[in-house]
Amino acid sequence: MKTKGHFSFLLILTLLLLSGCSNSSPTNDAIQAQTNLFAMDTYMSFTAYGARAEEMLAIASERIAELEGLWSVTNENSDIYKINHSAGAPIEIGPETEALISYTIDLAEKTGGAFDPTLYPILTAWGFTTSHYQIPDDGTLELLLENTGYDKITLLDGEITIPAQMQIDMGAVGKGYAGDILADLLKSNQIKSALLDLGGNIQTIGTRPDGTPWRLGILDPVEGGNLGVLLVEDKAVITSGGYERFFEDDDGVRYWHILDPSTGKPARSGLVSVTVVGNEGRQCDALSTTLFVMGLDEASAFWRSNRNFDMILLTENDELFITEGIADSFTLNASHDHLTMQVIQR
Ligand code: ADP
Ligand code: MG
């Protein structure tokens, strides 16, 4: 079976090119610091401006390592590992993990279960946790599905209990949640301009140091390059798609790591990628995964009944859909004019 790695690295390169500041004003805000690191299974790159930029990025790097230590599925000391190996016993967790898990349960409820943090055993059955890919048969999936379902999690006063056979993972939301924590940390320490790239999950603080919006390239996972450029200020911009981690069978059929919780199989909704733009990284991360599961119609309906985020959807038929809140901030690349672009209205 053929495998492909992550596209995130490409995205990072593109972003750096697009986000370079003009460096024209000799003010404090033009003082730039940059840190590259590997955490949460991905390459991250943080850029910040201002007198305290360097100091704060060093603290941010320590924070991300701490959060990884809490939420890693494989680190034996992490909260998530302890929960997954609790054999049905209650486990005490700290406030950050409690807030994160509580957020995932809320979101699972709001999305009718299209988001579900209890799919880890099924991801393992497909080999997505080890890269030893295989296609589980329907019987195996049916058995595994019996032990999934966010409604079987009990979370109360810093204590969590899940059934003995259940395992949870924060893969769809942890990086976004971490981005929020870092953004809050930087903002409360006088950083007014920063771009945090957590493996393609982008969290922007304020504007570029010269006061203009950040210019983010939105990756085209099919043709390569960028679909277009999005201008944002103080927003998270997070993309999910089946192209990020997948394998192919002998007939060239692709299987990817975003699963439909109702079948335990890779979600095939007709979408190639979903980009979510909003105030909170946690929401953008969780929703980019979930709206990919839902597909165009359901995602549009979800947007209409919430409208506290915006999105860009790319379909398998070369259509680009963008919600009206960001339609004016997005410019389609001339090299991608084979795509039809439609605005999703209220
Ligand atoms: P990435 O982290 O690769 O950028 P995502 O944010 O889309 O991509 O998260 C994908 C991960 O989310 C999977 O590897 C898996 O751990 C988890 N996951 C897959 N399907 C779902 C789902 N329906 N609901 C919640 N989490 C999911
Ligand atoms: Mg996600």
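An open sheet of three strands has the order β4-β6-β5, with antiparallel pairing, where strands are DSSP runs of E of at least two residues and helices are runs of H or I of at least four, both numbered from the N terminus, and where two strands count as paired if DSSP finds at least two bridges between them. The edge strands of this sheet are β4 (91-92) and β5 (154-156), each of which pairs on one side only. Between β4 and strand β6 (residues 159-161), which run antiparallel, there are two bridges, and Glu-92 stands opposite Glu-159 in β6. The model is a predicted one, in which local features need pLDDT of at least 70 and side-chain atom pairs count only at pLDDT 80 or more, whereas totals for chains, interfaces and linings use all residues. Residues are numbered from 1 along each chain as its sequence is written, chains are lettered from A and ligands numbered from 1 in the order in which they are written, and side-chain values use heavy atoms, with hydrogens and water left out.

Strand β7 (residues 193-198) is largely enclosed by the rest of the structure, because six of its six residues are buried, a term that denotes under 20% relative accessible area, with exposed meaning over 50% and partly exposed lying in between (1.4 Å probe, protein chains only). Burial extends to both faces of β7, with Ser-193, Leu-195 and Asp-197 on one side and Ala-194, Leu-196 and Leu-198 on the other. Strand β3 (residues 42-49) is joined to β7 by six bridges and runs antiparallel to it, and the antiparallel pairing of β7 with strand β8 (residues 201-206) also extends over six bridges. Ala-194 takes part in both of these pairings, being the bridge partner of Ala-48 and standing opposite Ile-205 in β8. The hairpin of β7 and β8 has two residues between the strands, and in it Gly-199 takes a positive phi near 60 degrees.

A corresponding description applies to strand β17 (residues 310-315), of which six of the six residues are buried, so that β17 too is largely enclosed by the rest of the structure. Ile-312 is opposite Thr-275 and has Ile-322 as its bridge partner in β18. In the hairpin of β17 and β18, with three residues between the strands, a positive phi near 60 degrees is found at Asp-318.

Two loop residues were examined individually. Thr-111 lies in the loop between α4 (95-110) and α5 (120-126) and counts as buried at 5% relative accessibility. The side chain of Thr-111 reaches the backbone oxygen of Ala-108 at 3.4 Å, and a polar atom of that side chain lies 3.2 Å from the backbone nitrogen of Phe-115. When residues up to four places away in sequence are not counted, Thr-111 touches Leu-287, Thr-290, Met-294 and Phe-302, contact being defined by heavy atoms within 4.5 Å.

Lys-235, in the loop between β10 (226-232) and β11 (236-241), is partly exposed, with a relative accessible area of 29%. Although Lys-235 and Gly-224 are 11 residues apart along the chain, their C-alpha atoms are separated by 24 Å. Apart from residues up to four places away in sequence, Lys-235 touches Ile-202, Gln-203, Thr-204, Val-277, Gly-278 and Asn-279. The side chains of Lys-235 and Asn-279 make a polar contact at 2.8 Å, that is, a pair of N or O atoms within 3.5 Å, of which, within protein, one must be able to donate a hydrogen and the other to accept it, residues adjacent in sequence counting only if both atoms are side-chain atoms.

Among the residues that line the second largest pocket are Tyr-243, Arg-254, Trp-256, Arg-268, Leu-271, Val-272 and Glu-316; a pocket here is an open set of points on a 1 Å grid over the protein atoms alone, where a 1.4 Å probe fits, with protein on both sides within 12 Å along at least five of seven lines, and lining residues have an atom within 4 Å of a point. β13 (254-256) and β16 each supply at least two residues of this lining.
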